[in-house]
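Hi,

Here is the structure I promised to pass along. Have a look first, and then read my notes below.

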Amino acid sequence: MDGTVFLGSLTAQTACFFFQAEDVIRYRIRGLEFRRVLFRSIALQCACISMRQGEYDKAASALDDISDKEITEYYRGVLAIYQNDADKAVRLLSDSKDINYAIALLNKNQVKDALKVLQDLDQNDAYVLYTTGVAYGRINENAKAREFKAKAFQLDPSLRYLDN
């Protein structure tokens, strides 16, 4: 699970081009303020795509283009997970208490803290269940690890590919 982070479903570079075309159309219809919000969305999607493609400098540059510091801090934390900088990830994601924060904690081997975060998340979410299974595996509670992973696989069979 080290270095693994869960983001939105856009994974292809073409997604940025789609949003850029949509941005131009909506700007002409709705005005400048809407364009700024949509630009932030474009920059964020480009940052996420760049992270998934291993283009971390490009991701950081896309985040630099966003003026909302709260959003950029969060995604810089996500970027830190990708870059295996667990200390930075934990620091930047500590306010979120979401799955990415739990993953950052796992990457620092703070398994019990990660489990506390995971227990407060949606227990019907396959990624939460899978990550909980990974956490239990790290503290050698193998029966619980298998149980949580089995639940995750029922909800999303594609997660089996993560389990080596």
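Below is what turned up when I went through it. Please keep in mind that this is a predicted model.

Let me start with D98, which is found in the loop between α5 (86–93) and α6 (99–107). D98 is buried but has no salt bridge; K97, the nearest side chain of opposite charge, is 9.2 Å away. What the side chain of D98 does reach is the backbone nitrogen of N100, at 3.2 Å. Setting aside neighbours within four places in sequence, the contacts of D98 are Y74, V117 and L121.

Another pair is Y130 with F153, which is tilted, with 6.1 Å from centre to centre and 45 degrees between the planes. Since Y130 lies in helix α8 (residues 126–138) and F153 in helix α9 (residues 142–155), the pair ties together parts that are 23 residues apart in sequence. Y130 and F153 are both buried as well.

One ring also has a charge over it: the charged end of K151 sits over the ring of F148, 5.2 Å from the ring centre.

Finally, a residue on the outside: E70, in helix α4 (residues 69–82), is exposed, with a relative accessible area of 69%.

Best wishes

Definitions and conventions. Residues numbered from 1 in each chain as written. Predicted model: local features only at pLDDT ≥ 70, side-chain atom pairs only at ≥ 80, totals over all residues. Heavy atoms only, no water. Helix = DSSP H or I, 4+ residues; strand = E, 2+ residues; numbered from the N terminus. Buried < 20%, exposed > 50% of the residue type's maximum accessible area, 1.4 Å probe, protein only. Lys, Arg positive; Asp, Glu negative; His and termini not counted. Salt bridge = Lys/Arg side-chain N within 4 Å of Asp/Glu carboxyl O. Polar contact = N/O pair within 3.5 Å; in protein donor to acceptor, adjacent residues only side chain to side chain. Contact = heavy atoms within 4.5 Å. Phe/Tyr/Trp six-rings, centres within 6.5 Å; stacked < 30°, edge-to-face > 60°. Lys NZ or Arg CZ within 6 Å of the ring centre and 35° of its normal.
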